[in-house]
Amino acid sequence: MSPVVPRSRGSQIYLCLLVGVGVGLALVGVGHWRAGLLVVGVTFGLGGLARVVVPQDHVGMLRVRGRTFDIVWMTLLGVSLAVLALVVPPGPPA
């Protein structure tokens, strides 16, 4: 039996973004919090970019609210997480 893939391009992108966030959270879970936050931040940034380029009739699950809200929210969240991962100074060695 083959896996069921969503028909809309936005839904396919959404599933890829979900995998990216899952990988980032797994990295955080195993102790690599800086790399994990960076992966999650980049994933949200790519989600914002995807919301810009995917046509409205193919947006599928990528649509949460309005187009402007989705773009601003995902981009702001992505940039904030990436900056947080890069700016926090390393702590003392454990």
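Me: Which helices each supply at least two residues of the nonpolar patch?
Reply: Quick caveats: this is a predicted model, where local features need pLDDT of at least 70, side-chain atom pairs count only at pLDDT 80 or more, and totals for chains, interfaces and linings use all residues. Residues are numbered from 1 along each chain as its sequence is written, and side-chain values use heavy atoms, with hydrogens and water left out. Helices here are DSSP runs (H or I, at least four residues; strands are E, at least two). The helices you want are H2 (33–53) and H3 (67–87).

Me: Which helix gives the largest share of the nonpolar patch?
Reply: The patch covers about 880 Å² (Shrake-Rupley, 1.4 Å probe), and its members include Leu38, Val42, Val52, Val79 and Val87. To join, a nonpolar side chain needs over 30% relative accessible area, no salt bridge, and a partner within 5 Å. The largest share is 6 residues, and they come from H2.

Me: Is valine 52 buried, partly exposed or exposed?
Reply: Valine 52 sits in helix H2 and is one of the patch residues. Buried means under 20% relative accessible area, exposed means over 50%, and partly exposed lies in between. At 37%, valine 52 therefore counts as partly exposed.

Me: Which side chains meet in a salt bridge?
Reply: The structure has 1 salt bridge (Lys or Arg side-chain nitrogen within 4 Å of an Asp or Glu carboxyl oxygen). With N to O at 2.9 Å, they are arginine 51 and aspartate 70.

Me: How do H2 and H3 run relative to each other, roughly parallel or roughly antiparallel?
Reply: Their axes (lines fitted to C-alpha atoms over the stretch in contact) come within 7 Å and cross at roughly 160 degrees. On the 0 to 180 scale for N-to-C directions, angles over 145 count as roughly antiparallel and those under 35 as roughly parallel. H2 and H3 are therefore roughly antiparallel.

Me: And at what angle do the axes of H1 and H2 cross?
Reply: H1 covers residues 9–29, and its axis comes within 7 Å of that of H2. The two helices are also roughly antiparallel to each other. Their axes cross at roughly 165 degrees.

Me: What pattern does the protein chain follow along the sequence?
Reply: The chain has 3 helices and 0 strands. Its C-alpha atoms fill a box of roughly 50 × 40 × 15 Å along the principal axes, and 27% of its 94 residues count as buried. Read along the sequence, the pattern is α-α-α.

Technical notes
Patch = residues over 30% accessible without salt bridge, like charges linked within 9 Å, V, L, I, M, F, W, Y side chains within 5 Å. Buried < 20%, exposed > 50% of the residue type's maximum accessible area, 1.4 Å probe, protein only. Parallel < 35°, antiparallel > 145°, perpendicular 65-115°, else oblique.
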